[in-house]
Amino acid sequence: MEIYLDGEFVSEDQAKISVFDHGLLYGDGIFEGIRIYHRRIFKLDEHLDRLYGGAKAILLDVPLEVDQLKEAVVETAKRNDLTDGYIRLVVTRGVGDLGLNPTKCPKPTIFIIASTIKIYPDEIYHKGMKVVTVSTRRNLIEALNPRIKSLNYLNNVLATLEVNRVDAQEGLMLNADGYVTECIVDNFFLVDKGVVATPPTSVGALKGVTRDTVMELAVEAGYDVEERIMTLHDVYIADENFLTGTAAEIAPITTVDDRLIGTGEPGPITMDLMTKFHSLVRSSGTSF
Ligand code: PXG
């Protein structure tokens, strides 16, 4: 495996960063997870756009222009010769001292790994998955905006620890007011009387690249699509539930907190959007 690290390509055992890197010491940094389908990088510009947006929000000056970083991502994919795979792009605040002040970190660290990812078993894509509501609430926007895809994932890790204790594959996270935000590493959707709905990012959710893609596909397919504030009750009584994410793609949810969603089988609109998504990923993206 060849890993991009601060302008060079190094082997896995040479790909090391300092224990004084603030990405490690404070989770001070941002990242993206990007998929490769059939030697094409899916929605690369959208991922880079979100990364630079997050960098701006945390006053981190990425030391490369977007085109240079894009080139580095493409080159990493090429060197690892992946037909299908997953790219992890990370930008940290860089090496500083043992105080958290970012002004002491002169140079951000950038690394890019190209590998593979699989977060759920294959069978959930045709049978559907079990989701439980976790007691860990999604980070408050006013404390750490979930729109920043930061290296601070302890909120999501704590939620995952809850899911690990029960028979379920994913967790549904509410905000402090009890409204549905998103799943632990995916966005959440429901289908209600033909309307495809997802919570607005203003409740505290990541503006997922897959979420945006699925909303566009749903509009193109003629479905009504909306951002909607939702409670758990809305989730339980919906006709269909599904989640979206780079790692997850689109996955049907058939049970939430032991309530069967709709018929308890993956819903027709979910399946239709899955088909459309799979044909889009095969026919678009940055080639290498
Ligand atoms: N919400 C959160 C909190 C996420 O971390 C998504 C939604 C979906 O966003 P995208 O842009 O991917 O559609 C994410 C994405 C992993 C992994 O290692 C996590 C994500 C992406 C890829 C891999 O589990 N999170």
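**View 1**
F42 is buried, with a relative accessible area of 6%, where buried means under 20% relative accessible area, exposed means over 50%, and partly exposed lies in between (1.4 Å probe, protein chains only). Y37 is likewise buried, at 7%. The model is a predicted one, in which local features need pLDDT of at least 70 and side-chain atom pairs count only at pLDDT 80 or more, while totals for chains, interfaces and linings use all residues. Residues are numbered from 1 along each chain as its sequence is written, and side-chain values use heavy atoms, with hydrogens and water left out. The structure holds five aromatic pairs, a pair being rings of Phe, Tyr and Trp (its six-membered ring) whose centres lie within 6.5 Å, with planes under 30 degrees apart counted as stacked, over 60 as edge-to-face and the rest as tilted. One of these is F31 with Y153, an edge-to-face pair with 5.2 Å from centre to centre and 70 degrees between the planes. F31 belongs to strand β3 (residues 29-37) and Y153 to the loop between β7 (129-133) and α5 (154-164), so that this pair links parts of the chain 122 residues apart, with helices (H or I, at least four residues) and strands (E, at least two) being DSSP runs numbered from the N terminus. F31 counts as buried at 8% relative accessibility, whereas Y153 is partly exposed at 22%. Y37 and F42 also form an edge-to-face pair, with 5.8 Å between the centres and 85 degrees between the planes. Together with F277, Y37 and F42 form one aromatic cluster.

**View 2**
Seven strands form an open sheet in the order β2-β1-β6-β5-β3-β4-β16, with antiparallel pairing, and two strands pair if DSSP finds at least two bridges between them. At the edges stand β2 (8-11) and β16 (286-287), each with a single partner strand, so one side of each has no neighbour in the sheet. Strand β3 pairs with β5 (residues 85-92) in the antiparallel sense over eight bridges, and the bridge partner of I30 in β5 is V91. Helix α2 (residues 44-57) lies across β3, β4 (40-41), β5 and β16, and runs at about 175 degrees to β3; axes are lines fitted to C-alpha atoms, for helices over the stretch in contact (heavy atoms within 4.5 Å), and angles run from 0 to 180 degrees between N-to-C directions.

K70 forms one with D45, the closest N and O atoms being 2.8 Å apart. K70 lies in helix α3 (residues 66-79) and D45 in helix α2, 25 residues apart. Both are partly exposed, K70 at 22% and D45 at 44%. R138 forms a salt bridge with E182, with 2.6 Å between the closest N and O atoms. Because R138 lies in the loop between β7 and α5 and E182 in strand β9 (residues 180-183), the pair ties together parts that are 44 residues apart in sequence. R138 and E182 are both buried.

**View 1. The surroundings of L206.**
L206, in the loop between β11 (195-198) and α6 (209-220), is buried, with a relative accessible area of 11%. Leaving aside its neighbours within four places in sequence, L206 is in contact with residues including R50, E182 and R211.

Methods. Salt bridge = Lys/Arg side-chain N within 4 Å of Asp/Glu carboxyl O.
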